[in-house]
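Subject: Handover of a structure

Dear colleague,

Please find the structure below, followed by an account of what was found in it.

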Amino acid sequence: MTGKHICKIIFIAAAAAYCFYHSSCANTHGSPTGGPKDTIPPIVLATVPDSNSTNVPGDLKSSISITFNEYIQIVDASKNILLSPPQQKRVKTRLKGKSLIVSFEEPLDSNKTYTIYFGSALADNNEGNVLTNYAYSFSTGAVLDSMLYSGTVLDYSTLLPLEGVTVALYENPRDSSVLAELPDAVTRSDKWGYFCFRNLKNCRYTLYAFKDENNNNLYDPGVELVGFLDSTITPSVVMDGSNPQLARYRMDDTLSCMSRPIESSIYLFKEKNGMQYISDYKRTSNKGAYIKFGAADAAIDSFSILGIRDNQIIKQFNSLKDSLNFWINDPRELPDTLYLGIRYMKTDSLGNLSPSTENLRLTAPREKKETESQEQEDEQEKDGRAKKKKRSDLLEFTLAADPKKVEQDGYVITFTEPLVECHADSILFTMSTPRKVVTTEKFTLEQDSTDVNRYVLRPADGFKIGNEYTLLILQAAFKDINGFTNDTTESTITLPTDDKLSTLTLDVKNVDARYIIELVNETRDKVFRQHIIKKDSMLLFPYLDAGRYSVRITQDKNSNGLLDPGVVLKKIQPEMVRLYKTSGNVTVIEIGEKMDLEQEVDISRLFKEEKEEEIE
């Protein structure tokens with residue numbers, strides 16, 4: 001073999017090896033193996049017209065093109081993409097290669113600055129990494145407005161942030177603008193309740209916020225949450241590259257998100273329905289029924305049931321006075337159908353309250369047929385799970401006693417229908433000390449002033465730490481309006497003595513009205529203990545496990561025990577709820593084991609500071 005042939009063979013072998021190696025390492029047709037996961041959101045490479053352009057044509061032929069470094073997807077455009085100021089028709093979006101095309105369904109106004117907020121709508125096509133809070137601004141005139149305004153929206157009861165709330169600004173509002181007119185600027189709150197308007201004018205605005213459930217950029221009263229600021233705002237911060245309000249934050253970066261500048265806080269509430277009418281009624285048992293009204297504070301002029309004397313009817317409104325429960329205290333078996341006449345103040349066609357009389361037909365609920373009951377019992381016997389049959393005249397009730405709260409709440413006994421007899425001598429209440437010395441205790445048993453079916457039992461001398469208490473209710477101690485009586489019930493509790501438990505004491509000062517003070521968990525959905533005060537007080541919160549707590553303070557100036565919502569058209573704010581703040585302006589109190597912690601709460605200062613912050 002000649003040298004020429006040898007060189008040719010070596011060249012072919014080397015070329016084959018090179019192709020095999022590179023095809024196996026850089027195969028563009030197969031899936032990549034290994035490597036770090038892509039966590040980078042899409043990057044904007046170019047926009048046409050340029051972002052912040054002026055003199056952009058406002059006709060329907062104009063559109064905006066935004067090009068990215070990779071293919072993207074649009075996530076829930078109707079929820080996330082928002083044009084400010086809004087139009088009657090929403091913008092349209094479509095994808096063309098790596099570009100997003102935004103077009104308009106209505107001509108744009110002349111000499112106006114527009115901003116398109118994309119929220120969480122833009123994500124890459126492979127891993128779904130979201131380009132958060134991207135916004136694009138332009139002007140149809142020669143000037144681009146350049147002011148910004150930021151704040152938060154919170155639930156007025158829990159004080160927790162609300163996401164996806166529409167925040168709206170009006171330049172020259174009327175009283176009903178938020179109900180009937182499109183805003184002059186809109187934006188939406190993020191996961192932390194934070195919002196930031198871009199490219200505003202340097203003028204006065206009125207600010208409203210509402211949970212726009214139907215995406216019409218209008219507030220629907222009685223259906224959607226709403227809030228507003230008492231005074232107008234004038235944006236004072238000029239947009240530039242250093243504004244922390246405009247930076248993009250990861251929503252899981254709690255510290256950074258919580259440290260963003262806030263100019264005002266808006267507290268959202270749901271207005272009471274203003275239309276008064278009977279919305280529902282039903283007979284719940286042979287002797288019980290209810291009537292529900294469309295609005296609170298129902299005013300009844302007369303109420304009668306055919307064949308029943310007035311003094312035989314037990315009536316009870318709920319706390320809002322929008323639902324009336326009633327029972328008939330008559331030993332006779334009542335007819336299947338009752339005829340009720342009611343005269344009350346009803347909303348007429350002009351929206352005014354006027355007297356109205358209605359006649360209601362109340363039919364007794366259908367009792368379970370004997371054949372159905374027998375079939376169920378036969379089925380239970382087959383499965384080997386037959387239970388002792390309850391007597392038909394059994395009076396059932398609930399008995400609740402939490403060892404950590406019984407000092408405040410007592411034993412709570414709740415019935416489904418009112419009692420006609422209560423034999424205190426058939427109730428035995430005993431106390432056992434840690435040394436097992438048992439004594440019979442005197443007690444009080446009081447009917448709740450707001451609930452005729454609820455009773456509270458407490459020892460006359462109060463509960464004592466570490467002692468064991470036993471409540472024994474003998475058979476037939478209670479009889480209700482049906483003639484039903486109870487079976488014997490026993491409950492035993494021991495007040496905590498665990499030396500790991502802690503105590504919080506609040507020294508509440510400068511109390512100028514009635515307040516509800518609650519110790520709640522960090523997420524504010526559990527109440528550990530509640531105090532209602534009208535004057536300076538030392539409040540004790542015992543038996544606390546180690547953990548994170550907050551103190552929620554609610555104004556109750558009308559002493560109705562409720563947190564009253566506001567009225568938008570009358571510019572009435574809801575009653576205020578605030579969280580106690582420590583010296584470090586922190587709303588969470590860290591309580592460890594075996595702690596006796598005391599905090600001073602200045603009520604007037606707390607609510608005054610919050611009010612001043614809103615005004616500023």
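**Charges over rings**

The charged end of Lys-98 is placed over the ring of Tyr-71, 5.3 Å from its centre. A charge counts as sitting over a ring if NZ of Lys or CZ of Arg is within 6 Å of the ring centre and within 35 degrees of the ring normal. Arg-260 likewise lies over the face of Tyr-194, at 4.1 Å from the ring centre.

**Basis of the values**

The model is predicted, with pLDDT of at least 70 needed for local features and 80 or more for side-chain atom pairs, while totals for chains, interfaces and linings use all residues. Residues are numbered from 1 along each chain as its sequence is written, and side-chain values use heavy atoms, leaving out hydrogens and water.

**The chain as a whole**

The protein chain has seven helices and 42 strands; these are DSSP runs, with helices (H or I) of at least four residues and strands (E) of at least two, numbered from the N terminus. Of its 616 residues, 42% count as buried, where buried means under 20% relative accessible area, exposed over 50%, and partly exposed in between (1.4 Å probe, protein chains only).

**Aromatic pairs**

A search of the whole structure finds 24 aromatic pairs. Rings of Phe, Tyr and Trp (its six-membered ring) pair if their centres lie within 6.5 Å; planes under 30 degrees apart count as stacked, over 60 as edge-to-face and the rest as tilted. The rings of Tyr-136 and Phe-138 have centres 5.9 Å apart and planes at 45°, so this pair is tilted. Tyr-136 is buried, at a relative accessible area of 0%, and Phe-138 also counts as buried, at 1%.

Tyr-411 and Phe-463 form a tilted pair because their ring planes are at 35°, with the centres 6.4 Å apart. This pair links distant parts of the chain, 52 residues apart: Tyr-411 is in strand β26 (residues 411-415), and Phe-463 is in the loop between β31 (451-459) and β32 (468-473). Tyr-411 is buried, with a relative accessible area of 0%; Phe-463 is buried at 13%.

Ring pairs also join Tyr-156, Tyr-170, Tyr-208, Phe-228 and Phe-269 into a cluster.

**A loop residue**

Asn-286 is found in the loop between β18 (278-283) and β19 (288-293). Beyond its neighbours within four places in sequence, Asn-286 is in contact (heavy atoms within 4.5 Å) with Glu-333 and Leu-334.

Yours sincerely
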